[in-house]
Amino acid sequence: MKKYKIIIDTNVLVSGLKSRLGASYKLLSSLNDNRMQLFLSNSLLFEYEEVLKRNSHLINLDFNEIDSLLDDICAIASTRNIFFLWRPTASDPNDDFIVDLAIASNIDYIITFNISNFLNVKKMNIKVITPQEFLQTLGENL
(Lines give C-alpha, C1' and ligand atoms only; values in the text may rest on other atoms or scores of the structure.)
Protein backbone atom coordinates (compact mmCIF):
# COMPACT_ATOMS: atom_id res chain seq x y z
CA MET A 1 0.00 0.00 0.00
CA LYS A 2 1.31 3.44 -0.94
CA LYS A 3 2.00 5.86 1.88
CA TYR A 4 1.17 9.36 0.69
CA LYS A 5 3.48 12.15 1.78
CA ILE A 6 1.42 15.22 2.57
CA ILE A 7 1.62 18.80 3.74
CA ILE A 8 -1.44 20.37 5.31
CA ASP A 9 -1.79 24.09 4.67
CA THR A 10 -2.71 26.23 7.65
CA ASN A 11 -6.15 27.05 6.27
CA VAL A 12 -7.07 23.36 6.41
CA LEU A 13 -5.85 23.08 10.00
CA VAL A 14 -7.94 26.08 11.06
CA SER A 15 -10.99 24.78 9.19
CA GLY A 16 -10.73 21.37 10.84
CA LEU A 17 -10.51 22.94 14.28
CA LYS A 18 -13.45 25.29 13.70
CA SER A 19 -15.93 22.57 12.79
CA ARG A 20 -16.27 18.82 13.20
CA LEU A 21 -18.52 18.51 10.17
CA GLY A 22 -16.23 18.70 7.16
CA ALA A 23 -13.40 17.02 5.35
CA SER A 24 -10.76 19.09 7.15
CA TYR A 25 -11.81 17.70 10.52
CA LYS A 26 -11.93 14.16 9.17
CA LEU A 27 -8.44 14.60 7.70
CA LEU A 28 -7.04 15.93 10.98
CA SER A 29 -8.69 13.06 12.85
CA SER A 30 -6.96 10.61 10.50
CA LEU A 31 -3.40 11.87 10.75
CA ASN A 32 -2.26 8.64 12.43
CA ASP A 33 -3.55 6.65 9.44
CA ASN A 34 -0.72 4.52 8.05
CA ARG A 35 -1.68 5.52 4.49
CA MET A 36 -0.25 9.01 4.94
CA GLN A 37 2.77 10.74 6.39
CA LEU A 38 2.56 14.40 7.39
CA PHE A 39 5.60 16.58 6.73
CA LEU A 40 6.48 19.72 8.65
CA SER A 41 9.17 22.38 8.68
CA ASN A 42 9.99 24.95 11.34
CA SER A 43 8.44 27.66 9.17
CA LEU A 44 5.16 25.76 8.79
CA LEU A 45 5.03 24.92 12.50
CA PHE A 46 5.57 28.59 13.40
CA GLU A 47 2.83 29.60 10.99
CA TYR A 48 0.48 27.03 12.51
CA GLU A 49 1.21 28.45 15.96
CA GLU A 50 0.83 32.09 14.97
CA VAL A 51 -2.42 31.61 13.06
CA LEU A 52 -4.01 29.29 15.63
CA LYS A 53 -3.18 31.60 18.53
CA ARG A 54 -4.40 34.64 16.62
CA ASN A 55 -7.66 32.78 15.92
CA SER A 56 -7.98 30.97 19.25
CA HIS A 57 -11.39 32.53 19.82
CA LEU A 58 -12.67 30.99 16.56
CA ILE A 59 -11.42 27.48 17.30
CA ASN A 60 -12.34 27.52 21.01
CA LEU A 61 -8.87 26.53 22.20
CA ASP A 62 -6.70 28.36 24.69
CA PHE A 63 -2.96 28.83 24.14
CA ASN A 64 -2.04 25.80 26.26
CA GLU A 65 -4.42 23.59 24.26
CA ILE A 66 -2.93 24.94 21.02
CA ASP A 67 0.58 24.19 22.27
CA SER A 68 -0.51 20.66 23.17
CA LEU A 69 -2.08 20.17 19.73
CA LEU A 70 1.10 21.37 18.04
CA ASP A 71 3.14 19.00 20.20
CA ASP A 72 0.91 16.16 19.02
CA ILE A 73 1.36 17.20 15.39
CA CYS A 74 5.13 17.35 15.85
CA ALA A 75 5.12 13.87 17.40
CA ILE A 76 3.62 12.29 14.28
CA ALA A 77 5.11 14.48 11.56
CA SER A 78 8.34 13.97 9.69
CA THR A 79 10.41 17.11 9.69
CA ARG A 80 12.66 18.58 7.07
CA ASN A 81 15.27 21.26 7.21
CA ILE A 82 15.20 23.41 4.10
CA PHE A 83 18.57 24.02 2.47
CA PHE A 84 17.48 25.20 -0.97
CA LEU A 85 14.80 27.77 -1.76
CA TRP A 86 12.66 27.60 -4.90
CA ARG A 87 11.36 31.16 -4.66
CA PRO A 88 9.31 32.70 -5.99
CA THR A 89 7.01 29.80 -6.83
CA ALA A 90 3.64 30.32 -5.13
CA SER A 91 1.43 33.17 -6.24
CA ASP A 92 1.29 34.21 -2.58
CA PRO A 93 4.89 34.79 -1.40
CA ASN A 94 3.79 33.78 2.11
CA ASP A 95 3.28 30.23 0.78
CA ASP A 96 6.72 29.82 -0.80
CA PHE A 97 8.07 28.05 2.29
CA ILE A 98 5.43 25.34 1.76
CA VAL A 99 6.74 24.79 -1.76
CA ASP A 100 10.29 24.60 -0.39
CA LEU A 101 9.17 21.93 2.09
CA ALA A 102 7.23 20.05 -0.58
CA ILE A 103 10.25 19.81 -2.85
CA ALA A 104 12.70 18.96 -0.05
CA SER A 105 10.37 16.18 1.15
CA ASN A 106 9.33 14.86 -2.26
CA ILE A 107 5.70 15.43 -1.27
CA ASP A 108 2.81 13.77 -3.09
CA TYR A 109 0.12 16.26 -2.04
CA ILE A 110 -0.22 19.75 -0.67
CA ILE A 111 -3.66 19.84 0.91
CA THR A 112 -5.17 23.32 0.87
CA PHE A 113 -8.21 25.40 0.08
CA ASN A 114 -5.99 27.91 -1.75
CA ILE A 115 -5.24 25.80 -4.81
CA SER A 116 -4.71 28.88 -6.98
CA ASN A 117 -1.73 29.89 -4.80
CA PHE A 118 0.13 26.75 -5.90
CA LEU A 119 -0.53 26.54 -9.65
CA ASN A 120 3.20 26.58 -10.48
CA VAL A 121 3.80 23.53 -8.26
CA LYS A 122 2.09 21.24 -10.76
CA LYS A 123 5.20 21.57 -12.95
CA MET A 124 7.16 20.00 -10.10
CA ASN A 125 5.02 16.84 -10.04
CA ILE A 126 3.30 17.80 -6.79
CA LYS A 127 -0.48 17.58 -6.63
CA VAL A 128 -2.40 20.34 -4.89
CA ILE A 129 -5.84 19.27 -3.71
CA THR A 130 -8.55 20.01 -1.17
CA PRO A 131 -9.10 17.89 1.94
CA GLN A 132 -12.18 16.30 0.38
CA GLU A 133 -10.25 15.36 -2.78
CA PHE A 134 -7.48 13.82 -0.66
CA LEU A 135 -9.97 11.78 1.36
CA GLN A 136 -11.48 10.55 -1.90
CA THR A 137 -7.97 9.51 -2.98
CA LEU A 138 -7.84 7.39 0.16
CA GLY A 139 -11.26 5.94 -0.65
CA GLU A 140 -12.94 7.73 2.25
CA ASN A 141 -16.42 9.20 2.16
CA LEU A 142 -17.74 12.13 4.14
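Reader: Are Y109 and F134 buried or exposed?

Author: In this predicted model, where local features need pLDDT of at least 70, side-chain atom pairs count only at pLDDT 80 or more, and totals for chains, interfaces and linings use all residues, Y109 is buried, and so is F134. Residues are numbered from 1 along each chain as its sequence is written, and side-chain values use heavy atoms, with hydrogens and water left out. Buried means under 20% relative accessible area, exposed over 50%, and partly exposed in between, with a 1.4 Å probe and protein chains only. F134 has 0% relative accessibility, so F134 counts as buried.

Reader: What makes the pair of Y109 and F134 edge-to-face?

Author: Rings of Phe, Tyr and Trp (its six-membered ring) pair if their centres lie within 6.5 Å, and planes under 30 degrees apart count as stacked, over 60 as edge-to-face and the rest as tilted. The ring centres of Y109 and F134 lie 5.5 Å apart with planes at 65°, so the pair is edge-to-face. This pair links Y109 in strand β4 with F134 in helix α7, 25 residues apart; helices (H or I, at least four residues) and strands (E, at least two) are DSSP runs, numbered from the N terminus. Y4, Y109 and F134 form one aromatic cluster.

Reader: Why is helix α6 called largely enclosed?

Author: Of the 9 residues of helix α6 (residues 96-104), 7 are buried, so the helix is largely enclosed by the rest of the structure. The buried residues are D96, F97, I98, V99, D100, L101 and A102.
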